[in-house]
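Take a look at the model below. We will walk through a strand and its neighbours, then turn to a helix.

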Amino acid sequence: MKNWLYFAMAAFLSLGISSCSDEDYSSDLELLKFMEAASAAKLDSLTKAQDDLRQKQEALNKQQKELNKLQDELQKLQKQLENNGQDSTAVGKDQLLSEIKKLQAELSIKLDALAKAQEELQKLQGIEPGKNEGEYVDTTSAGSNPKCYDNPKWTSVAAKDDYAYTMTVTFTLPTQLKAKATADDMIAAFVGEECRGIAKMSHGVFLLDVIGTGEESKPVTFRYWNADNHYLYESLISIPFAIDFIYGVVDEPKMFNCIQK
């Protein structure tokens with residue numbers, strides 16, 4: 001009797017499990033298949049995004065190398081102009097100056113292209129643009145509790161001796177930052193950690209005279225400090241130092257696309 005009851009119960013449970021498998025779990029199986037397909041699609045999309053990101057970064061590195069090469073060419077021409085001195089003819093000087101201006105114009109175009117490439121890279125990294133096209137303020141690195149900085153009291157090295165040359169850079173702030181800008185805000189130029197120029201905002205722009213030796217091996221970077229909220233920002237692009245180079249003017253300043261520190 002006990003053996004019969006045991007086999008009857010086993011058969012009943014087997015039928016029950018089979019029924020559940022055929023009816024209750026079929027929809028779950030379809031859902032799992034759908035989720036698996038969706039995950040595969042997302043993985044493919046992520047792989048493509050990573051490839052795009054890598055290609056953009058490689059293109060960015062290539063553009064930076066081109067800038068460095070252009071800087072070297074400018075320095076050679078400037079040195080040639082200095083070495084010629086009074087021994088060179090007026091025609092020779094004019095030709096050198098013409099070549100220098102041509103290279104500086106090319107440098108400005110390449111810097112704008114680099115800024116554009118940087119914006120595209122930011123988009124691929126999921127960083128939202130500012131309110132207007134071409135404006136970027138990356139606050140992701142600052143986290144939910146951004147660090148506040150006391151007045152950095154930047155002091156530029158003196159424009160004498162080795163620092164006998166200048167270049168000019170004019171920035172305007174993205175809308176997001178301009179809304180909180182004050183008269184005490186500052187943008188400073190740096191070569192390494194050495195301050196090479198400071199400016200406060202005037203008529204909505206920062207006009208910086210950046211000083212250098214004329215044979216700088218490191219690029220110029222820029223930092224912005226907001227006196228109201230004490231936040232610090234760093235420019236996304238760096239600029240090779242080039243004698244008498246003008247990047248942006250008061251009527252057409254360059255955008256200070258940046259990352260919050």
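**A strand and its partners**

This is a predicted model. Begin with strand β3, residues 186–191, and its link to strand β4, residues 194–202. Six bridges join the two strands, which run antiparallel.

Now look at strand β6, residues 220–225. It is joined to β3 by six bridges, and these strands also run antiparallel. Here A188 stands opposite R223.

Which way do the residues of β3 point? M186, A188 and F190 point one way, while I187, A189 and V191 point the other. In a regular strand, side chains alternate between the two faces of the sheet. Both sets in β3 are buried.

Why is β3 described as largely enclosed by the rest of the structure? Buried means under 20% relative accessible area. Six of the six residues of β3 are buried, so the strand counts as largely enclosed.

Finally, move to helix α2, residues 26–84, where A59 lies. Is A59 buried, partly exposed or exposed? Its relative accessibility is 37%, so A59 counts as partly exposed. Next, find A117. A59 and A117 are 58 residues apart along the chain. Their C-alpha atoms are separated by 8.1 Å.

Technical notes:
Residues numbered from 1 in each chain as written. Predicted model: local features only at pLDDT ≥ 70, side-chain atom pairs only at ≥ 80, totals over all residues. Heavy atoms only, no water. Helix = DSSP H or I, 4+ residues; strand = E, 2+ residues; numbered from the N terminus. Buried < 20%, exposed > 50% of the residue type's maximum accessible area, 1.4 Å probe, protein only. Pairing = 2+ DSSP bridges.
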